[in-house]
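Hi there,

Here is the structure I promised to pass on. Have a look at it first, and my notes follow below.

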Amino acid sequence: MAKSLREALNSGKFVVTGEIGPPKGTNIENMLHHIDLLKDKVDGLNVTDNQSSVMRYPSLGTALLIKERTGEPILQMTCRDRNRMALEADLLFAYTRGIRNVLCLTGDSIRVGDHNEAKGVFDLDSVQLIKMVRLMESGKDLGGNELDGAVEFHVGATVTPEANPIEPQLIKFEKKVEAGAEFFQTQAVYDLDKFREFMQYARQFEVKIMAGIVLLVSAGMARYMNANVPGISVPQKLIDEMASVPKGKGNALKKGIEIAGRMIGELKEEKVCDGVHIMAIGKEEVVPDILSAAGL
Amino acid sequence: MNTITEQKPIEEIKEYLDKDEKVYIIGCGTCATMTHTGGKTEVLEMKEQLQEAGKEVVGWMVIPSVCDDLTGDALRENAEVIQKADAILVMSCAFGVQTVASFAEPWNKPAYPALNTLFIGKGNGEFGVFSEVCQQCGECLLGWTGGICPVTMCAKGLLNGPCGGTNDGKCEEDPDKDCAWTLIYKRLEKLGKLDVMRKYYPPRNYQKVQRPGRVLVEIERSQE
């Protein structure tokens with residue numbers, strides 16, 4: 001990639017980021033294939049950090065692989081598995097290897113994952129992690145010590161525009177802005193009217209906002225997310241649309257690609273937000289199809 | 001405030017007592033009676049279970065508060081019977097187990113826990129339901145959070161607001177549990193103090209959590 005994610009966001013273009021989910025094990029061939037497939041088609045690639053509290057190949061190692069393959073990595077960092085010292089040390093390493101984007105997250109609860117007897121660390125929360133990155137940029141660590149060589153990062157965070165209740169989430173969003181977050185990738189949005197409302201509020205802050213787009217692969221997936229995933233609400237109209245396709249190999253996936261492409265196109269056309277973050281969750285192969293469906 | 005306990009699986013208790021034939025059982029008349037884990041009823045049930053497992057229960061008693069130093073007197077008063085036992089099984093919280101273990105030390109009798117100590121809590125109004133109240137973090141924040149503790153009540157102990165996992169005011173970890181930060185938000189809104197929720201809370205100082213804890217309280221002795 002010629003431009004950094006920060007440059008892309010500041011250029012005023014409609015920015016697209018994708019996501020790489022590391023494997024559970026050392027067989028990284030498929031992941032490398034996804035990196036090569038997507039790195040020149042998007043402005044940045046997120047790397048999930050033991051996503052859903054399932055132990056996997058590390059986000060830092062994957063971000064390094066993306067960098068080596070000339071992509072633009074966005075290092076996701078959660079507070080669940082490392083204390084402040086481990087997070088700081090990882091940031092020092094990331095900086096020296098040219099990784100410049102860091103997405104600061106609290107992290108899912110240990111209980112929802114595949115190591116549910118492990119200790120959840122949560123020494124810091126996402127707001128404190130953002131502040132810590134900014135502190136390290138000033139040449140100091142959280143112990144109050146001088147760093148021999150500081151860091152510099154493009155700091156991101158997340159927000160859930162459809163959380164219920166929304167008010168406490170918005171207070172936290174504002175705390176993240178104040179702590180120094182420059183860009184936000186949102187939880188998956190499906191109801192664009194509700195998202196427009198959120199953007200009206202969010203536009204008062206000088207931050208870049210990328211709408212989260214999760215590819216629907218079936219009507220059942222949409223219903224499942226509505227019932228089980230906090231802050232996600234797929235409108236009935238979209239569920240009906242997914243269910244309307246004739247049964248058969250690939251039809252529902254094609255419909256999902258069409259819907260994602262249509263939503264992205266609409267967001268771009270109306271300049272609702274600064275870009276989108278596409279989460280294809282296991283269907284990375286079709287991200288180029290989503291982009292063409294969106295006219296990108 | 002009570003110590004909330006649960007009974008260990010009987011298999012684990014039998015494993016403790018593997019090499020011991022004669023057992024003396026001690027129950028507790030305070031917290032463990034309230035939680036039905038170590039009161040008189042449970043002590044008698046335990047006696048039966050151990051007898052079924054081929055153990056001889058040489059005696060039992062329920063001490064008003066096993067954690068209290070008066071436990072030493074109770075043990076000495078019953079010394080003759082207790083000394084016949086190979087081991088003492090304590091159906092109280094860990095505090096009580098440690099108290100018995102130290103008073104029984106001169107007799108060389110091991111004290112085994114029959115319960116797991118879960119947390120310091122209180123009954124929350126619903127029959128049989130107990131909630132944790134304090135994790136003894138050493139930096140009480142309750143003044144900023146409407147009297148609701150995020151360190152204890154938030155599964156992640158977050159200090160700066162809810163995580164993205166909360167849904168309809170419930171916790172990501174367990175939909176039966178309330179999201180602490182939703183409760184805090186509602187309480188502060190009612191108090192007209194939402195501005196304190198916007199305050200940034202720095203990372204916790206874990207030096208405040210001493211392991212092991214030891215505090216010297218300096219008391220001025222009166223001059224006689």
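Let me start with the strand pairing in chain B. Strand S2(B) is joined to strand S3 (residues 56-63) of chain B by 7 bridges, and the two run parallel. Within that pairing, Ile25(B) sits opposite Trp60(B) in S3(B). Please keep in mind throughout that this is a predicted model.

S2(B) also pairs with strand S4 (residues 87-91) of chain B: 5 bridges link them, again in parallel. Here Ile26(B) is the residue that stands opposite Val90(B) in S4(B).

How many of the 7 residues of strand S2 (residues 22-28) of chain B are buried? The count is 6, so this strand is largely enclosed by the rest of the structure. For chain B as a whole, buried residues make up 33% of the 224 residues.

Now for the overall picture. Chain B contains 8 helices and 7 strands. Its radius of gyration is 22 Å, well over the 17 Å that the globule rule gives for 224 residues, so chain B is more spread out than a compact globule. The C-alpha trace of chain B spans about 65 × 55 × 30 Å along its principal axes.

One more number on contacts: of those in chain B with a separation of 6 or more, 60% are between residues 24 or more positions apart.

Best wishes

Technical notes. Residues numbered from 1 in each chain as written. Chains lettered and ligands numbered in written order. Predicted model: local features only at pLDDT ≥ 70, side-chain atom pairs only at ≥ 80, totals over all residues. Buried ≥ 20, exposed ≤ 12 C-beta atoms within 10 Å, placed from the backbone. Helix = DSSP H or I, 4+ residues; strand = E, 2+ residues; numbered from the N terminus. Pairing = 2+ DSSP bridges. Rg over C-alpha atoms; globule rule 2.2 N^0.38 Å. Contact = placed C-beta atoms within 7 Å.
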